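Here are my notes on the chain you sent. Please read them with the model open.

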Amino acid sequence: MYVDLRIDQIMPNPDQPRKFFDEDAHRELTQSIQENGLLQPVVVRAVEDEEAPHMIVAGERRWRACKAAGLTVVPARILEGIDEEKAFVLSISENVNRADMTIMEEAGAYADLVALGWKAEAIAKTFGKTRTHIDWRLGLLTLRPEVAKWVNEGKIKPNLSWHIAQLSPAHQMVAANRYLKGDFDSEADAANFAQGLRMAEQQTSLVSEKEPNVEEKEKRQKAKAKTTDKLGRVEEVVMPLLEELTKSKPDELADILGTELGRYVRQIDRLASQVTLARRILRQANGIAEARKVAWDTAVAEVQKEKAQAEPTEAEAEKAEQVKPEGGKAPEVKPAEEAKPPTKKAAAKPRPTGTRARVAAKGSGKVPAQKKAEPAAQTVKKAEATAAN
């Protein structure tokens, strides 16, 4: 059902999944509506007990632009017989594939559906996404607000943001800040670093690991020497050969090798495949090594902080040394009978009221609690007088 509605008869949806509206795009749409009018109607539904009789289901951006353009009436399609959940699903459907909907807004919309009882498979099917896509978006909801803001602004890409979201809040800031500072050659290197931090977090304790014995140390040294030698030979032998080959002209190689070139092309292709694999593995290993270093430094700093807090400061130690008696002996303690600690007043107990008061008033042959006890000094004087007689 299409009708013309006054713009003040329409209100935005407070649960709209989109929260961010680009100002430049808003100005462009406003100008277009001023020149050509609204070409696509807004979609609304009837509501009761609200500021306006109709609430937007889809088209809030267009409605905002119409208001900015000075329109008083807008074309609208009124949906009938839909509840809030159905309206929310339609709103997500309109926005989820738009380029200007941020991934954090998308993640929040999916989370709202999960809260309503939706399963990830149903969400994926409804919006034409894969189950992995839904899971990755939902995984972003563990991001710190600062990092989520950078993701929303497009400073951190979706793939890397998911890897960062798997980390503790402190390590999220470490990985995000290093990436934004340009410490990595690529997004993949930043993701490798984040994965390395995750691996370090999963270890029970970095600083309490056992020191390797002599045999293990020798084994590690041999493995290191062997690997270093292999990588060194790649640079010393393979690189010069490839550099020399690239200096050759194709027509000259065709004259020299002729039909045998096909065999060498296949060899180079296999070599290129292995180089790509080795490059990826080395980059992953480098990310893990850097992350371990960061995690280790953090763990050591925490241990040192705890140790410093447990040990007395130099001022405290100097003060303790000043009050220490000569000869290092402990100060004499006077016998208990000589000590006369000040008499403390017993705290007054609140008098019972209500049922408890009535039960106490009946008594059981005992002295009422309200009766004051004889002062201790009076009792001592009576005892002394009896002994004198």
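1. **Overall.** This is a predicted model. The chain has 16 helices and 5 strands. It runs to 389 residues, and 25% of them count as buried.

2. **Helix 4 against helix 6.** How do these two helices sit relative to each other? Their axes come within 8 Å and cross at roughly 100°. An angle of 65 to 115 degrees counts as roughly perpendicular, so helix 4 and helix 6 are roughly perpendicular to each other. Helix 4 brings Ile103, Glu106, Ala107, Tyr110, Ala111 and Val114 to the contact. Helix 6 answers with His133, Ile134, Arg137 and Leu138. By class, the contact has 7 nonpolar, 1 polar and 2 charged residues.

3. **What is buried in helix 6.** Helix 6 covers residues 131-139, and its buried residues are Ile134, Arg137 and Gly139. Note that Arg137 is on that list. Ile134 and Arg137 also take part in the contact with helix 4. The cover over the buried residues includes helix 4, helix 5 (120-127) and helix 8.

4. **Alanine 120.** Alanine 120 lies in helix 5. Its relative accessible area is 13%, so alanine 120 is buried. Not counting residues up to four places away in sequence, alanine 120 touches Arg131, Ile134 and Asp135. Ile134 is itself one of the buried residues of helix 6. Alanine 120 and histidine 133 are 13 residues apart in sequence, with 9.6 Å from C-alpha to C-alpha.

5. **Valine 96.** Is this loop residue buried or exposed? Valine 96 lies between helix 3 (84-95) and helix 4 (103-115). Its relative accessibility is 7%, and valine 96 therefore counts as buried. Leaving aside neighbours within four places in sequence, its contacts are Met101, Glu106, Tyr110, Phe127 and Lys129. Among them, Glu106 and Tyr110 also belong to the contact of helix 4 with helix 6. From valine 96 to glutamate 106 the C-alpha distance is 6.3 Å, across 10 residues of sequence.

6. **Helix 8 against helix 10.** Helix 8 (residues 158-165) and helix 10 (residues 187-202) pack at an angle of about 10°, and their axes are 9 Å apart. That makes helix 8 roughly parallel to helix 10. On the helix 8 side the contact is made by Asn159, Leu160, His163 and Ile164. On the helix 10 side it is made by Glu187, Ala190, Ala191, Ala194 and Gln195. These residues divide into 5 nonpolar, 3 polar and 1 charged.

7. **Arginine 198.** Arginine 198 is found in helix 10. At 35% relative accessibility, arginine 198 counts as partly exposed. Beyond its neighbours within four places in sequence, arginine 198 is in contact with Gln166 and Leu167. Serine 168 is 30 residues away in sequence, and its C-alpha is 8.3 Å from that of arginine 198.

8. **Glutamine 34.** Glutamine 34 sits in helix 1 (residues 23-36). With a relative accessible area of 51%, glutamine 34 is exposed. The cut-off for exposed is over 50%. Leaving aside neighbours within four places in sequence, glutamine 34 is in contact with Ala68 and Ala69. Cysteine 66 is 32 residues apart from glutamine 34 in sequence and 8.2 Å apart in space, C-alpha to C-alpha.

9. **The largest pocket.** Which helix gives the most to its lining? Helix 13 does, with 9 residues. Helix 11 (214-246) and helix 13 (261-310) each supply at least two residues of the lining. The volume of this pocket is about 470 Å³. It is lined by 16 residues, and Val234, Leu271, Gln274, Val275 and Ala278 lie nearest its centre. The lining divides into 12 nonpolar, 2 polar and 2 charged residues.

Technical notes. Residues numbered from 1 in each chain as written. Predicted model: local features only at pLDDT ≥ 70, side-chain atom pairs only at ≥ 80, totals over all residues. Heavy atoms only, no water. Axes fitted to C-alpha atoms, helices over the stretch in contact; angles between N-to-C directions. Helix = DSSP H or I, 4+ residues; strand = E, 2+ residues; numbered from the N terminus. Parallel < 35°, antiparallel > 145°, perpendicular 65-115°, else oblique. Contact = heavy atoms within 4.5 Å. Nonpolar A, V, L, I, M, F, W, Y, C, P; charged D, E, K, R; others polar. 1 Å grid on protein atoms, 1.4 Å probe; cavity = no way out; pocket = protein on both sides within 12 Å on 5 of 7 lines; lining within 4 Å. Points joined across faces, edges and corners; volume = space filled by probe spheres on them. Buried < 20%, exposed > 50% of the residue type's maximum accessible area, 1.4 Å probe, protein only.
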